[in-house]
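Here is a brisk report on sheets, helix packing and charged pairs. Please keep the structure open while reading.

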Amino acid sequence: MKHICAEPAVCSEESGIMRKSQKKQIEKFVELLSQSHDEIRKFIESGNNPQAMLLLEQCQDGAIQMGSMIESTEGEGFITVKLLEAYCELLYLTHEELAQNQSVNAGKVHKNLKKALIRIENSIKNDIKIRIEAVFLPYKASMWDSLESIWKAADEDPDCDTYVIPIPYYDKNPDGSFREMHYEGNQYPDYVPVTPYETFDFAKHRPDMIFIHNPYDNYNHVTSVHPFCYSKNLKQFTEQLVYVPYYILNEIRADDQERAENIEHFCNVPAVIYADKVIVQSEDMKKIYVNAMLKLLGEDVFDRSYWERKILGLGSPKVDKVLNTGKEDLEIPPEWKRVIQKPDGSFKRIVFYNTSVSALLQHEEKMLQKMQDVFRVFRENQEDVVLLWRPHPLIRATIESMRPQLWTAYERLLGEYKEASWGIYDDTADMDRAVALSDAYYGDASSIVQLYQMTGKPVMMQNVEVIGY
């Protein structure tokens, strides 16, 4: 057996704060060493010195490996490493006594090794600070607000490394096959550092936490994130996969059974099943999710307490973003200002016009007629009011996939609106700018309605049956 001084632990060129996964690995080493001590005592008591000596050597190898791991982050001469050196010295002396067939008290050896290991264990617990790695995987830049306030809190933590990694997504053909790939990594705010998805090795990093806002895996008929980023797959690379919905639903009471059943399809998605934590907008919504999962899977799989621990009604980051964004914080494009400003420099009233995917799918040509009529009314009143039209970002992909015969007419209407230039067309990733800039909401039922109501500004719902008013 080698003396500890003959083979010091290797120190990494870089030192820093240890990752949680590394510390857990070291703690497992300690458990194994403790178990080995029990075996060493048994071998000494039974007179089997060769096996006791072999275990002592293995303990020393494990301690040296631990010391190397700790030095790589905490630096040479760290207190835990010094305790490990003392432990190795004790192992060496015991090994030499057995090799020389000296009388050795098994109980005393066990007691001394245990005391040395307890000191090491306490030092690992109290002296080694851990560093958390949190990865955020948005796919559409317009949905980044569902994660942003969580990212900001993590990014401000000096003991947390954060990575924002926009992931590619694909439009789907009617048969479910992938069509065009999209990547929106260049559309995030300047203050958000973006990591290219090709450069991040999940198996190597094994982040402590991964946050996602796409819940569907391969069950969305219109789009799909890259299959690597399905919740079922990501779960293997982290201890905490966290799902945060990218939408806000109308608040309903958990005991309103009929209305709760109408939103169960939002709950019964892969991310809710595979994630370790699910963050929803309220305590009532938490109860609805819990009831939906029990109804879907039954209590034989997981009981109510499991879902209540997993699903947290902490609120939506989307609300944080909207309430913390004021008009003074906005960068208004020059082409928007040209439409918004009156000759005296004051602003006209601005109406956020939202058209949804579901309304277009349901009403088809009639919805296009309604939109055309809305444009007519606002065009005729453009001296006093501005229409800020922001259609759902997935309208094109949805219509092309599910109503391809409708796309030509929709595209023509879109082209006419943009060319006329009397209103604003907003297809940017920053939905919160439209909410903060506008004075009222008009349009279809949507998750934006619940969000807009939080601002206290008027909300008016569109009725597709009313045309020519």
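Is Glu 148 buried or exposed? Glu 148 counts as buried, because its relative accessibility is 3%. The model behind this value is a predicted one.

**Salt bridges**

Side chains of opposite charge can pair when their charged atoms come close. The count for this model comes to 24 salt bridges.

| Pair | N to O distance |
|---|---|
| Lys 152 and Glu 148 | 3.6 Å |
| Asp 276 and Lys 235 | 2.9 Å |
| Lys 295 and Glu 264 | 3.4 Å |

Take Lys 152 and Glu 148. Both lie in helix α5, residues 148-155. They are 4 residues apart, about one turn of the helix. Lys 152 is partly exposed, because its relative accessible area is 35%. Glu 148, at 3%, is buried.

Next, Asp 276 and Lys 235. Their side chains meet in a salt bridge at 2.9 Å, N to O. Asp 276 lies in the loop between α10 (270-274) and β9 (277-279), and Lys 235 in the loop between α7 (231-234) and β8 (240-243), so this pair ties together parts that are 41 residues apart in sequence. Asp 276 is partly exposed, with a relative accessible area of 21%. Lys 235 also counts as partly exposed, at 33%.

Then Lys 295 and Glu 264. Their salt bridge is at 3.4 Å, N to O. Lys 295 belongs to helix α11 (residues 283-297) and Glu 264 to helix α9 (residues 264-267), so the pair ties together parts that are 31 residues apart in sequence. Lys 295 is exposed, with a relative accessible area of 54%. Glu 264 counts as buried, because its relative accessibility is 17%, and buried means under 20%.

There is also a network. Salt bridges link Asp 171, Arg 179, Arg 396 and Glu 400.

**The parallel sheet**

In what order do the strands of the 5-stranded open sheet run? The order is β13-β12-β11-β14-β15, and the pairing is parallel. β13 and β15 (459-461) stand at the edges with a single partner strand each, so one side of each has no neighbour in the sheet.

Val 385, Leu 387 and Trp 389 point one way from β12. Val 386 and Leu 388 point the other way.

β12 pairs with β11 in the parallel sense over 5 bridges. Arg 349 stands opposite Val 385 in β12. On β13 (residues 424-425), β12 is joined by 2 bridges, again running parallel. Leu 388 stands opposite Ile 424 in β13, and Trp 389 stands opposite Tyr 425.

Helix α16 (residues 365-380) lies across β11, β12 and β14 (440-443). The helix runs at about 150° to β12.

Ser 356 is found in the loop between β11 (349-354) and α15. Why does Ser 356 count as buried? Its relative accessibility is 7%, and buried means under 20%. The side chain of Ser 356 reaches the backbone nitrogen of Ala 359 at 3.1 Å. Leaving out residues up to four places away in sequence, Ser 356 touches His 392, Ile 395, Asp 444 and Ala 445.

Ile 395 is one of the buried residues of helix α17, residues 395-402. Ala 397, Thr 398, Ile 399 and Ser 401 are buried there too. What do the buried residues of α17 pack against? They pack against the strands β4 (169-172), β5 (178-182) and β7 (223-225), and against the helices α15 (357-363) and α18 (404-420).

The three strands named there form an open sheet in the order β5-β4-β7, with antiparallel pairing. β5 and β7 stand at the edges, each with a single partner strand, so one side of each is left without a neighbour in the sheet. Neighbouring strands of this sheet are turned by 30° against each other on average, direction ignored. Between β4 and β5 there are 3 bridges. Tyr 169 stands opposite His 182 in β5.

Conventions: Residues are numbered from 1 along each chain as its sequence is written. This is a predicted model: local features need pLDDT of at least 70, side-chain atom pairs count only at pLDDT 80 or more; totals for chains, interfaces and linings use all residues. Side-chain values use heavy atoms; hydrogens and water are left out. Buried means under 20% relative accessible area, exposed over 50%, partly exposed in between (1.4 Å probe, protein chains only). Contact means heavy atoms within 4.5 Å. A polar contact is a pair of N or O atoms within 3.5 Å; within protein, one must be able to donate a hydrogen and the other to accept it, and residues adjacent in sequence count only if both atoms are side-chain atoms. Two strands pair if DSSP finds at least two bridges between them. Axes are lines fitted to C-alpha atoms, for helices over the stretch in contact, and angles run from 0 to 180 degrees between N-to-C directions. A salt bridge is a side-chain nitrogen of Lys or Arg within 4 Å of a carboxyl oxygen of Asp or Glu.
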